Amino acid sequence: MRLLVLGGTEFAGRAVVESALGRGWEVTVLNRGRHQVPAGVRALTGDRTAADGLAALAEGEWDAVVDTWSAAPRAVHEAARLLRGRAARYVYVSSCSVYAWPAPAGYDESAPVVEGAEPDAPQTDYTRDKRGAEIAAVDAFGADRSVLVRAGLILGPYENVGRLPWWLGRIARGGPVLAPGPRELPLQYVDVRDMAEWILGSVERELSGPYNMISPQGHATMGSLLDACVRVTGAAAQLRWTEAKVILDAGIEPWTQLPVWVPAGSDMHDHLHSADVSRAVATGLTCRPVEETVADTWAWLQEIGGTAPLRADRTPKGLDPEVEAKVLGR
């Protein structure tokens, strides 16, 4: 297979590239040249925000394109239009955020999506940007040659958003840790490597259409995630499980200040951790144990010195130690 990855050096794109190389595929990447690409990858340089940013793609043919863009939809619009006659399939890594808020518990790919998105629009907000890019991919390649990977929470090595790395860093410091309850709170996420494997499988199977890309609900819980963090770090940390009301009354923001966690029974939990993923599972999605995701992320953090990179367009995650101490003191 001949694969073109737009990006290909960070988090999701990097995982796709490494998985494709593992399958013996011929891989080309287009990016701004700020990060080193793995050996065996053909690297093209281009800035999709520049007027001539796609000039390096003037020639070439591919069996599939994988695009992880998350800003102005017009970048996907321009790339897809340029490549529609020279690539067999366009895989766009989208987001479950494209569903109209709040999505009901158990929603599948037929749930209503956000309105007001345009395929050639400038950057607006994350939900409309992702939906606009979906429309751009389908407009150029048609519904039968485009795949919309509606990812939820993505974890694993190379994470540059700051969720699992924050928890690992916090627990590694040891001592009492504010653990947002309940322990049995079901989580949905996808290991970035499992998503990459499914993406490449979707190309081989010639799939099309939208797919919710998260683990089945209950694949992990808040307890199993944080217990795994304690085990792999070997830290002398004590998880202090705390009711949601106590956390919310303290003004702590779910999802950002306490990454991954959102209160049980809330619209936010239904939207982020309650999707129907049967379509993805039926077409090959398999999810490794949470212990493996946590252990491999910790090992990667040790390799790079303990501090994960953070995307410039993402806000820092985590809870201020003083705020945590005050809540624990109550």
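Entry one, a helix. I looked up which residues of α6 are buried, and the list is Met222, Gly223, Leu225, Leu226, Ala228, Cys229, Val230 and Thr233. I kept in mind that this is a predicted model. Helix α6 covers residues 222-233, twelve residues in total. From first C-alpha to last, α6 reaches 17 Å, close to the expected 16 Å. Just after α6, I found Gly234 with a positive phi of about 70°.

Entry two, charged pairs. I reminded myself that side chains of opposite charge can pair when their charged atoms come close. How many salt bridges does a search of the whole structure find? The search gives 19.

I picked out the salt bridge between Glu197 and Arg23, at 2.9 Å from N to O. Glu197 lies in helix α5 and Arg23 in the loop between α1 and β2, so this pair ties together parts that are 174 residues apart in sequence. Glu197 is partly exposed at 32% relative accessible area, and Arg23 is partly exposed at 30%.

Next I looked at Arg170 and Glu324, whose closest N and O atoms are 2.9 Å apart in a salt bridge. Arg170 belongs to helix α4 and Glu324 to helix α11, so the pair links parts 154 residues apart in sequence. Are these two buried or exposed? Both Arg170 and Glu324 are buried.

Arg314 forms a salt bridge with Asp313, with the closest N and O atoms 3.2 Å apart. Asp313 is partly exposed, at 46% relative accessibility. Finally, I noted a network of salt bridges that links Asp191, Arg193, Asp194, Arg288, Glu292 and Asp296.

Methods
Residues numbered from 1 in each chain as written. Predicted model: local features only at pLDDT ≥ 70, side-chain atom pairs only at ≥ 80, totals over all residues. Heavy atoms only, no water. Helix = DSSP H or I, 4+ residues; strand = E, 2+ residues; numbered from the N terminus. Expected span 1.5 Å × (residues − 1). Buried < 20%, exposed > 50% of the residue type's maximum accessible area, 1.4 Å probe, protein only. Salt bridge = Lys/Arg side-chain N within 4 Å of Asp/Glu carboxyl O.
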